[in-house]
Amino acid sequence: MSNTTKSLSGSFKTIVMTIVVGLLLVSLAIWGVSDAFTPQTKDAAAMVGKEKITLVEFDKFFRQRLRDENKKLPERLSTKQAYARGFHNLVLNQLITEKLIQLDADDLEVDVNRADARRFVEGLDIYNNVMTGKLDEAKLAQRLAQSGQWNSQKEYEAAVRKALRQDQTMKSILSGVIAPDPYADQQYKFMTEKRKIKLLHLTRDAVPAPADPSEEELKAFIEENASAYIAPEYRKFTLLRVEANDILDDMEASEEEIKEQFEYKVKVGKLGTAETRSLSQFVASDEQTANLITAALNNGKTTDEVIAEFNIETPVTYENVLETAILDPKTGESGFKQELNVAHTIKGSFDTWYSVIVTNINKGIEPNLDTERESIALEVKTEKAQRFIYDVQDTLQTALAEGNTIEEAAKANGISSASYDFISRGGQTEDGKIMTGNSNVSGISNDDIILTEVFSNDKGFEGDIFETKTKGIAAIRVDAIKES
């Protein structure tokens, strides 16, 4: 059987499905039911009986159908254009059609098992290995990834099962459908109709070239489309900028600082995991009863047997908790020293006697300093860099306020400054290059705060210190302006 024959989306099936839904819609309209598929809930695109077509479902299918449609078109169709042309209604009608067929399949108890779907896929030549002629799993996965339609092979198999189920259902429905004679007559007339036409074919040579526009016409056109002929404003400026990444190499992390940071992170639970335990706490009326409960537990009696024998309440149980999570501190302290499945008698914090047994121990994960050394050293350096930025901010601001230039203030504090040639508001040079920066420092075009300062300050003004997008500091001076 060829791939064409096996296709689940052939033109005949599409036509028949459209006819079925069309007849259904017409019949509903005749009986005055105009809102049969109108959703009654906000999260539904349509309702088919009690079945909902969700907005998420519709959105995903709409985007998929639009992608497929754009592959056929000479010019890409935008979402807005697709809606204007009613493409969304076609998509929704298809979803409604599929939902109706699904409901019929449920009523007819039509089902397709996974093995049948698998055999169908194996029969498609496009997924077969050219040498063996059998299904190639790698080729199938590659094809699915290229299509971008399914997230996994399992999802594709589910789609195949759904399509096969619809196909079987349509056959079951149509097997009892007899087309009315008037419909057959109209269809025959349409298929055998012939027409004579007269065609006027205009070539490029047959159409005279339009005359060159006059000076007045050109002037009027430019005035109407002025924005297309205006060059952007460009500014040349000097920038003082300090980012944490800029000065990391100048920062040092001593062994003592690394160890201190490591111990702190372990203490607050940011590294490693603490030990947790499960335990049961039996409340006794006195020490003697607590000892008897402890002996019974250590002799292998179950919780239910102990409760019945001593007529006591169900024990308080803790499942995989930290020591601090146990209500009575003495119970927690004792429980985290006991052996597994060995009961002990203790006197609690409120002079109450307990029999405590540990039922599970989850050993904590002890972090290793050598393993964490590199990342912790980077943290220490980053903290020092941020502290340096914080401390130098006031110093730089004071220097600028006292009349120093950006270059003088930067040099006095061991910071670099740089002059930049003309750029636009979008961070582009006059030859169209975008100032994106590098892996360590975000470029000018990526920091709208810097661009705003560049294009809002007056020429020659030594600007104030401000915070950058990446939490660094900067100051700018506009050196020259090319008006738009």
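Tyr83 is partly exposed, at a relative accessible area of 36%, whereas Phe62 is buried at 3%; buried means under 20% relative accessible area, exposed over 50%, and partly exposed in between, with a 1.4 Å probe and protein chains only. The model is predicted: local features need pLDDT of at least 70, side-chain atom pairs count only at pLDDT 80 or more, and totals for chains, interfaces and linings use all residues. Residues are numbered from 1 along each chain as its sequence is written, and side-chain values use heavy atoms, without hydrogens and water.

Ring pairs link Phe62, Tyr83 and Phe87 into a cluster. Rings of Phe, Tyr and Trp (its six-membered ring) pair if their centres lie within 6.5 Å; planes under 30 degrees apart count as stacked, over 60 as edge-to-face and the rest as tilted.

| Pair | Centre to centre | Angle between planes | Class |
|---|---|---|---|
| Phe62 and Tyr83 | 5.1 Å | 45 degrees | tilted |
| Phe62 and Phe87 | 5.9 Å | 65 degrees | edge-to-face |

Phe62 and Phe87 are both buried.

The charged end of Lys482 sits over the ring of Phe422, 4.6 Å from its centre; this requires NZ of Lys or CZ of Arg within 6 Å of the ring centre and within 35 degrees of the ring normal.

Helix α9 covers residues 181-192; helices (H or I, at least four residues) and strands (E, at least two) are DSSP runs, numbered from the N terminus. Zero of the twelve residues of α9 are buried, so the helix lies largely in the open.

Note on methods:
The expected span of a helix is 1.5 Å times one less than its number of residues.
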